[in-house]
Amino acid sequence: MSVSEASHDTAGTAAVHEGTYSGGLWSWVTTVDHKRIGIMYAVFAFFFFLVGGLEALLIRIQLGSPESTLIDPDLYNQLFTMHGTTMVFLAVMPLSAAFFNFMVPLQIGARDVAFPRLNAFSLWVFVFGALFLNSSFLFGGAPDAGWFGYANLTSTQYSPGVRIDFWVLGLQILGVSSIAAALNFIVTIINLRAPGMSLMRMPLFTWMTFVTSFLLILAFPAITVGLVLLMFDRTFGTSFFNPAAGGDVLLWQHLFWIFGHPEVYILLLPGLGIVSEVIPTFSRKPLFGYPFVVYSGILIAFLGFGVWAHHMFAVGLGPIGNTVFSATTMLIAIPTGVKIFNWIATMWGGSLRFKMPLYFAVGFIAMFIIGGLSGVMHSSAAADLQQTDSYFVVAHIHYVLFGGVIFALFSGIYYWFPKITGKMLSEGIGKAHFWLMIISFNLTFFPQHYLGMHGMPRRTFTYQEGLGFEAMNLMSTIGSLVLGFSILIFLWNVFHSLRKGESAGPDPWGGATLEWAIDSPPPHYNFRVEPVVHSRDPLWAEGGLDVDVNDPTAPEPHMPSPSLWPCILAFGLVLAAIGAVAKALLIVLLGAGVVVAAIYGWAFQPLER
Amino acid sequence: MSETAAASAEMHQSSTGLPSRKLLMWAFIGSECMLFGSLIITYLVYRGRSIVGPYPEDLLNIPFITVTTFVLLMSSLTMVLALAAVQRNDMRQGKLWLLMTALLGLVFLAGQVYEFTHFVHEGLGLTTNLFGASFFLLTGTHGAHVFVGVIWLLTLFVLAVSGKLTSENAETVEITGLYWHFVDVVWIVLFTIIYLLV
Amino acid sequence: MRHPWRRLKSALPILAIVVLAGLLSGCGGPFPQSGLRPASDFARSLDELFRGIFFWAVIVFVLVEGALLVAVFRFRDRQGKRAAEHVHGNTILEISWTIAPAIILVLIAVPTIRTIWEVDRPTTDPDALLIEAVGRQWWWEFRYPELGIVTANEIHVPVGRTVDIRLTSADVIHSFWFPRAGGKRDVIPGHENQLWFKMDSVGVFPGQCAEFCGMSHALMKMEMVSESVEDFEAWVAQQQRPALGTGDTAPPAQPQEVAEGEEVPEPQADPLDAGLRAVLEAGNQAFLGSGCIACHRIAGTVAAGVLGPDLTHIGSRRTIAAGILENTPEEMARWLRDPGAVKPGALMPTLNLDEDTIRTLVAYLESLK
C-alpha cells in the first residue's frame, strides 16, 4: 500500500485528530492518556540518553590517552557510576516503557491501560526520581561507587557524605515507578484484549511486554531489600554489610544480582519483541515459529532467575557454585539462539523491503550475535576468571545493550514514529544515521574485547603507559565521538521530519497488527468500535478486519478524565526522599503527609467525571 | 448518555471475567512475596552469626507470640465475615466485622510494640547485632503492612458508617480481604521461621 | 538477478566492518599484562579453555552471520515483485536448531567443568609456597608466613614451584589479578579466598586490582618477580634480615669506660662505611621525627606501624606507591612531598615536610635494600 493513498485519508480526518495532542501544559501534567504518557516517557528517556551519552563521551575522552589528567578520579568515578545508572534506569527502561505505553493498548485493541491514573503515576515518579538522582551533581556530588554499588565500599566509612544516599533513594523511587507500571501492564494484557485475541494470537511486542512485566515485579523486590539494608546501615548504623560485626558483604552481591540479571532481560526482551514485529512486516511474511519465539521468551525470563551468580565467578563461590551457574548460563543461550534462527527464517523466502526499521532490526541481529557469543565466553566460570572485571565485559555489555537493545529500540522508533506523530522519518537521513552508527559503534566497542583480554581492568580512570593499551583506547574514543555524532543526526531527523516529513497514513508499512488499523496519530479513544480478531496477523487476513474500528456513526467513546493526583502522589514520594537525604525528619513527614493525602484524594476521585 | 456510558473506556470489562482490580491485587501480592522472601533470606543468612548477644533463645517468648498470632488469625476470620455481610448488603454486620478486623489488627500491633520495647529494655536494639537488625527489619516491615491494612479497614468502616459502602462495593472489600489474608499468611511464615525454628 | 557489481557495492560497508575488526587484532602490542600470554599452569589452563570456546564461537559466528547476510541479500525485493512464501514454521527445523547449539554448549561445558574443578579447589602440591595477600586501599600487602617475611606491592615467586596465595582484604573488596599468571580472585573483607599457580618462566609481570575499590582503584598495581630458585632464596634471605643499619649491620657498641690500669679493648670496626652510616642515622632520626612510625614498620628499629606498607627493604623494590612510580629518588621525593597528588585519596597524609627532610628521608629509604 503506498503512502500517498494513505494521506488522502488523513486529510479529512486530520481535524478530528488535532485533539490527540492538543491542549496546554496543564493538559499534559494531568493526562491519563497512555499515548501522551508514552510520549512523555520517550522525551524524558531520550533526554537522559543524551545525558548518559555525554557522561560516556567524557569517560572516553579521558581514556583516549594514557595517564590523562583531564578528568580527576573523583569526577570520573561519578561519571561512570551515573553513566551506568542513567542508561539502565533513566534511558533504556523508560524508552521501553514509552513503547509499552503507546503501543500495547493499540496492539490488543484497547482504549487505554487497565489503570490510567496508575500509569500517569508511574511516569511522574520516574520523572521526579530521575531529577532527584541527577540533582546529586549539585549537592555534594553524584553517586560514585558504580551502578552496582558493592558493599562495603558503599558504607558510610568508605563513602561518607550523601552521594550514596542519593543513589539508594533514587533507585527506590525508580523501583516504585517500574513496579507500578508492570502491575498495570500485566492486568492490561490479561484483561483488556479484544475479543478473539487469545494469548497465542497476541503480537510479539505485547507478549514480550507481558513477560518483562513479570520480571519487573518479581526481580525488583530483591534490590529493594538490598537497598533497604544498605540504607539502614548508612542511616541507623546496623551491620548488615559490616564484616567486623559479622555482616557479609556478599549478601549485597547476591541480592543485587538476583535483581540484576533479570534486569538485563528486562532491558532486552522489549527490543526482542520489537524486532519480532519489524522483521515479519518488512519481509511480508508472518513470523516463523511464533510459538517457539513466545516460549523462548518465557524460558529466557524464567531461566534468567537462575543465572545471577555468573556475575560473581571471581568471588570464590567454590567449584559447585561455579559449575551450576556456568551450566544455567550456557543453557540460556539456547532459547536466545532459537529466536535469532526464527528471525532469519522469517526473512528467508520473504520479500524484504529495506526501510529504516529493517536496517536497524538486521543491525540488531548482527550485533546481538556478537554480544551473545561473548556472553557464552563469559559463561565458562574458569575462562571468565580472566574476562570478568576487565574491558572484555564492557565490550560484551555494550554489544548486547547498545548493539542489541538500542538498535532494536531505534528500529521501533523508525517503525512506530509514523503512528505516534503522523509523519514519516526521512529515509535518507535515516540511512546516514544507521551507517554512521553501526560503523562507529563497532569501532568503539570491538577493540575493547582485546583490551580486556590483554589485561585492562574496568572502572579505571586511567591506565599506565607501556601496557599496550594506547592504540585501542584511542580507536575506541574516536569511535565514541562519531557514535555521539550519529545520535545528533538522528535528532536532526526527528526535528526535520516533524516539521517537513511526509504525512503518514494509518498503515505506511503494510503492518499486520491492530495499531495499523487506526489513524496516525490515533484518535484519543484509539478504536471507535472495538475490533474482533480471528487470527495472529489480523490485518493480513483475507479481507482485513471485519469490523470497521473507525466507524464515524458509532458513538464517540467517553474516556477517563484527567487527574492531578498521580503527579501529587509522585511529588510527595520524592519530597520524602529529599527529606531523607537532607536528614530532615520534618520534610520526610511532610512528604509522607502529601503521599497519604494524595492516596485518599485519588481513591475518592471517580475515574470518569 | 447511557450510550456513551456503554461505549466507555472499559469496553468489555475483562478478557478473563476477573475484575481488573482483583488481578492487580494478586499481581501485587506476587511481588510482595518476593519482597518478604528477600527479607526472610536475609534473616536466615544471618541466623547464628551475631557476634554479641542478646540471642534469639534469650528473648523470643513463644507463648506471648502465640497469643498475638491467634489474634491475627482471628482477624482473618472476621474479615471473611465482613465480606460475607457486605456481599449480602447487611451493612450493620458489615460495619461490625470491619471494625473488629481493624481492632484485632491493632491488638496484634500492640503486641508487637510491647515485644519490641521489651527487647530494647533487654538490650536488643536495631544496631546491637545481626539478630536485632534482621529481626526488627523483618517483623517491622510486616508490622508496617498490618498498619496500612488497619488504616484501610478503618477507612472502609468510616465509609460504611456514612452510608457510602454498600454491596456494590463488595469487590473493594474482597480486594481488601485479599491483602489482609496475605499479610496474615506472611505472619504465619514469619512466626514459623523466627519463633519456631529457634 | 542484480548486477554483481551492485551487490558488491552494497556489501562494502559490511566488508569494511569485518576487515576493520580483523585489523584491530594486531593493534598496540606488546602486551605485558595480557591474559593471552600465559606464563603459568593456571594461566595456560584458562588460555586453552578460552581458545577452545573461541573456536566454537567463531564457527557459530560465521554460520549465523553468514545465514543472516545470505537472507538479506538473496531475498531483498525493493520492487515488491516477488511474493513472500507464507510459511508459519517448521517443527523439525526448530528441534534441530535447538539441539545443535545444545551440543556445542556441551562441548564447551565439559572442558569448562573440568577446568573449574582443577582451579577452584585447593592445591594438592605438598611443596607449595604459602603467601598471604591482603588488599588495602590502594596497595597490596604480601606476607610469607613460613619465611617470616612482610613486604608490599612486589611479590617474588620461585619459578617452577607452586605458590598458594591466601587472599583477604583489610577494608573493601579488591581483586588480585596477574593476567599472565592466570585468572583473578576477589579479595573480600571477612572472607579468605585462595589462588594458586606455578610460574613457568622468569620475568617481571605486572598486575593490578580488578574490582572497583574507590578513588584510586586504577592506581592499585603490583608486580610479580618470577625468578630462579637461587635468586628467590637470595631475595628471601635479604628480606628476612632486619633493616640495614640494625642487626648485624648495627653500629658497633660504644667503647666502655675503663678503670685505670685495665686494658683498653680493641675498638670494633663499623661494618658499614661512614657515609652510609651517616645517611642511615640521619634518615632514621627524620623518620622518627616526621611521624612515619605511626603507620610504617622498619624491622630492627622502633618503627612498627601496621597501617601502611612495610618499608624495611623499600630500597630494593622496583616501584613504589603500589606499582605506579618507579623507585627512584626523584619519584620517592615526589611521593613524600604530596602523596595525595600522586594517588588521590591516599590515606597517607601530606606531612608538609621541608626539602631537607625529604632529601634525608629519600636517601635513607633508598638505602634500605
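In the predicted model, A:Glu67 is exposed, since 11 other C-beta atoms lie within 10 Å and a residue with 12 or fewer is classed as exposed. A:Glu67 is found in the loop between helix H3 (34-63) and helix H4 (73-107) of chain A. Its phi is near 50°, a positive value in a residue other than glycine.

A positive phi also occurs at C:Ala321, where the angle is about 60° although the residue is not a glycine. This alanine lies in the loop that runs between strand E11 (319-320) and strand E12 (325-326) of chain C. C:Ala321 counts as buried because it has 25 C-beta neighbours inside 10 Å, the cut-off being 20 or more.

Cis peptide bonds were also identified. In chain A, such a bond joins A:Ala151 and A:Asn152, with omega about 0°. A:Asn152 belongs to the loop between helix H5 (116-135) and helix H6 (163-191) of that chain. In chain C, C:Gln137 and C:Trp138 are joined by a cis peptide bond with omega about -10°. The loop between strand E1 (129-136) and strand E2 (139-144) of chain C holds C:Trp138.

Chains A and C touch each other, with 87 residues of chain C in contact with 86 residues of chain A. On the chain C side, at least two residues each come from helix H1 (4-24), helix H2 (41-74), helix H3 (91-119), strand E7 (185-187) and strand E9 (203-208). H3(C) gives the most to this side, with 15 residues. By residue class, the side of chain C that touches chain A comprises 51 nonpolar, 22 polar and 14 charged residues.

Technical notes. Residues are numbered from 1 along each chain as its sequence is written. Chains are lettered from A and ligands numbered from 1 in the order in which they are written. This is a predicted model: local features need pLDDT of at least 70, side-chain atom pairs count only at pLDDT 80 or more; totals for chains, interfaces and linings use all residues. Two residues are in contact if their C-beta atoms, placed from the backbone, lie within 7 Å. Helices (H or I, at least four residues) and strands (E, at least two) are DSSP runs, numbered from the N terminus. Ala, Val, Leu, Ile, Met, Phe, Trp, Tyr, Cys and Pro count as nonpolar, Asp, Glu, Lys and Arg as charged, and the others, Gly among them, as polar.
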